Protein chains: 2
Amino acid sequence: MKTKKHDRILLAHGGGGQLTDELIRHHILPSFNNDTLAELADSAKLNLASKSVCFTTDSYVVKPLFFNGGDIGKLAVCGTINDLAVVGSEPVALALSLIIEEGFEFELLEKILASISEAASANGVDVVAGDTKTVEAGAADKIFINTSGIGVRLDGVDLGLNKITVGDKIIINGTIGDHGMTIISQREDIKFQSQLKSDCAGLAGLTCELLRNVSGVKFMRDPTRGGLAATLNEISRGSGLNIKINEADVPVNPTVQAAADMLGFDVLTIANEGKFVAIVAPESADDCLNICKNHSLGKEASIIGEVVETRDAPMVEIETKIGGKRIVQMPYGRQLPRIC
Amino acid sequence: MKTKKHDRILLAHGGGGQLTDELIRHHILPSFNNDTLAELADSAKLNLASKSVCFTTDSYVVKPLFFNGGDIGKLAVCGTINDLAVVGSEPVALALSLIIEEGFEFELLEKILASISEAASANGVDVVAGDTKTVEAGAADKIFINTSGIGVRLDGVDLGLNKITVGDKIIINGTIGDHGMTIISQREDIKFQSQLKSDCAGLAGLTCELLRNVSGVKFMRDPTRGGLAATLNEISRGSGLNIKINEADVPVNPTVQAAADMLGFDVLTIANEGKFVAIVAPESADDCLNICKNHSLGKEASIIGEVVETRDAPMVEIETKIGGKRIVQMPYGRQLPRIC
């Protein structure tokens with residue numbers, strides 16, 4: 001039973017008293033239907049399937065809060081799930097922490113909570129713990145969300161940059177730049193003929209299927225902030241090897257490419273929220289690609305390049321569509337604040 | 001080797017590129033010296049001592065950032081450790097997420113990171129995962145910190161509100177209101193003859209010692225936001241039983257009492273950050289008290305009351321020093337924003 005006495009968040013909703021209790025019992029708990037959370041203990045008590053777990057955290061400050069393809073709530077679930085997925089674990093539990101600006105509309109909060117709940121269910125994880133803080137008007141921009149997550153490591157899976165060797169193939173599960181260009185264009189209120197849509201999605205279903213069926217996966221990472229350029233540079237530096245990719249093989253939605261060109265962005269540096277890069281032994285590459293292509297989140301998967309010998313320092317090189325070569329630099333980081 | 005090119009946080013420090021990498025490698029990693037974090041994987045890989053774990057999250061928005069007895073960093077570590085401690089677990093790992101306002105001074109960030117590191121070490125936990133976001137000037141108030149934590153449940157310990165029965169004793173490990181009154185008086189720039197000092201401390205050492213040595217502990221909770229009043233009301237409601245406490249037995253630092261009286265606060269509603277309330281079987285109460293009194297964080301521990309029959313609805317009653325009785329209400333929550 002909801003007692004909607006307030007349309008907007010008050011500072012007192014974060015005071016730890018009666019109003020906090022109402023907020024939690026009438027607005028937050030009903031969104032997340034599980035016994036562990038319902039206990040409202042100081043910590044959630046979990047019985048995991050294994051002692052070998054993964055643990056991660058991310059705060060989300062995306063602006064605008066709602067965008068085509070998702071919102072800050074869906075993003076907060078998928079982003080953390082993806083961090084658990086790419087290290088070779090199956091996500092099982094999330095903890096959710098909200099920092100809310102005084103005056104934030106309850107209607108928007110409920111939309112975000114519904115979205116969190118839906119994304120968690122869709123990805124088979126429970127929100128088992130939470131926290132809500134309020135700050136005075138002007139001390140935060142509407143709402144910030146932190147999610148932390150626990151995943152159980154898949155049996156026999158041991159991914160690492162140190163496993164990567166020359167000849168390994170580089171696979172991505174679909175088009176790049178969709179999330180970042182959606183946020184930017186919506187923030188700048190720029191319209192394109194075809195609508196841009198964030199790729200925001202939880203990848204654990206696909207990554208677990210890959211890891212359970214293909215033995216040659218050596219490393220995975222989700223190219224979020226900094227985009228494919230940052231992730232490939234991290235992989236190159238971490239493995240001490242060069243990476244060579246072919247521009248023609250990197251899937252890009254034409255509207256995303258047009259938007260990036262128009263606004264002066266290199267699509268390689270634009271954030272993704274439903275993509276992973278996998279480094280795979282050459283003999284496993286086709287199996288990987290097939291599993292991706294048969295999954296809804298991998299229909300446009302592509303082998304985009306390979307790991308090669310390093311000459312001097314490790315670097316990432318791209319062969320352009322017109323046959324030229326250039327180095328893909330680590331982006332500096334200035335271009336796209338509050339993308340996630 | 002630190003390359004301090006910047007005195008203040010730039011938006012680009014959160015962009016996921018080169019500057020984020022510098023921030024992490026030169027400022028954050030050196031504060032937390034452990035192999036799990038140093039791997040900089042998308043999630044930390046942990047091998048826990050048990051499958052039976054506790055998991056919690058809290059965001060910290062305290063204002064001011066630095067206060068007598070601690071700062072937002074120490075608070076963020078101790079608060080989350082305490083949430084793990086009071087449910088009967090031994091904290092093992094923290095994940096740390098920073099939301100930083102553009103322009104925040106690196107010098108302050110480093111002080112906070114040092115404080116986080118010190119508090120984590122003092123409490124025997126590792127910071128194994130992290131995240132840093134930046135937002136533009138004016139979109140957050142300096143810095144917000146989220147910590148989430150994993151604890152391993154103590155063998156044979158099973159605490160719960162459902163264990164509480166009539167006759168159980170209520171123990172607190174020391175004086176109440178110190179944290180809240182310190183923050184308030186510092187925020188309002190009010191000086192008292194004796195200096196107020198936050199009780200901010202990690203309780204896991206003491207709670208684990210108690211739980212390993214005394215079998216009659218039934219439930220614990222740390223009275224943070226909403227103070228002892230909120231915690232006792234939650235325990236009363238959750239157990240369906242009345243709680244009766246004696247004002248004369250509740251330890252209060254005289255300066256805290258004077259500050260509360262002067263500013264018109266009920267000290268029972270003021271936040272604590274180094275206290276727990278334990279509900280203990282009567283035959284175990286003295287053992288509990290002794291263990292507390294022999295620990296640096298429990299020297300002023302006291303049996304403050306007991307669990308009694310409910311007449312109508314469960315409630316908390318206090319017998320005042322002058323022999324009167326009053327009901328201790330659940331605080332509304334309005335009084336003390338940003339106390340933690």
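**The interface of chains A and B**

In this predicted model, 78 residues of chain A are in contact with 79 residues of chain B, contact being heavy atoms within 4.5 Å. A word on conventions: residues are numbered from 1 along each chain as its sequence is written, and chains are lettered from A in the order in which they are written. Local features need pLDDT of at least 70, side-chain atom pairs count only at pLDDT 80 or more, totals for chains, interfaces and linings use all residues, and side-chain values use heavy atoms, with hydrogens and water left out.

Confidence next. pLDDT is the predictor's confidence in each residue, on a scale from 0 to 100. Chain A has an average of 95, and 98% of its residues score at least 70. For the model, ipTM is 0.96 and pTM is 0.96.

Now the area. About 6,200 Å² is buried between chain A and chain B, with 53% of that from carbon and sulfur atoms. Buried area here is the accessible area, with a 1.4 Å probe, that two parts lose on being put together, summed over both. On the chain A side, the residues that lose the most area to chain B are Asp42(A), Phe55(A) and Arg225(A), together 14% of what that side buries.

The rule finds 12 salt bridges across the interface, each a side-chain nitrogen of Lys or Arg within 4 Å of a carboxyl oxygen of Asp or Glu. Lys63(B) and Glu136(A) form a salt bridge through their side chains, at 3.1 Å from N to O. By class, the side of chain A that touches chain B has 36 nonpolar, 23 polar and 19 charged residues. In that count Ala, Val, Leu, Ile, Met, Phe, Trp, Tyr, Cys and Pro are nonpolar, Asp, Glu, Lys and Arg are charged, and the others, Gly among them, are polar.

Which strands pair between chain A and chain B? Strand β1 of chain A, residues 44–47, pairs with strand β2 of chain B, residues 52–60, in the antiparallel sense over 4 bridges. Strands are DSSP runs of E, at least two residues, numbered from the N terminus, and two of them pair if DSSP finds at least two bridges between them. Opposite Lys45(A) stands Cys54(B), in β2(B).

Last, the backbone. Lys63(B), from the salt bridge with Glu136(A), is joined to Pro64(B) by a cis peptide bond with omega about 5°. Pro64(B) is in the loop between β2 and β3 (66–67) of chain B. In chain A, a cis peptide bond joins Lys63(A) and Pro64(A), omega about 5°.
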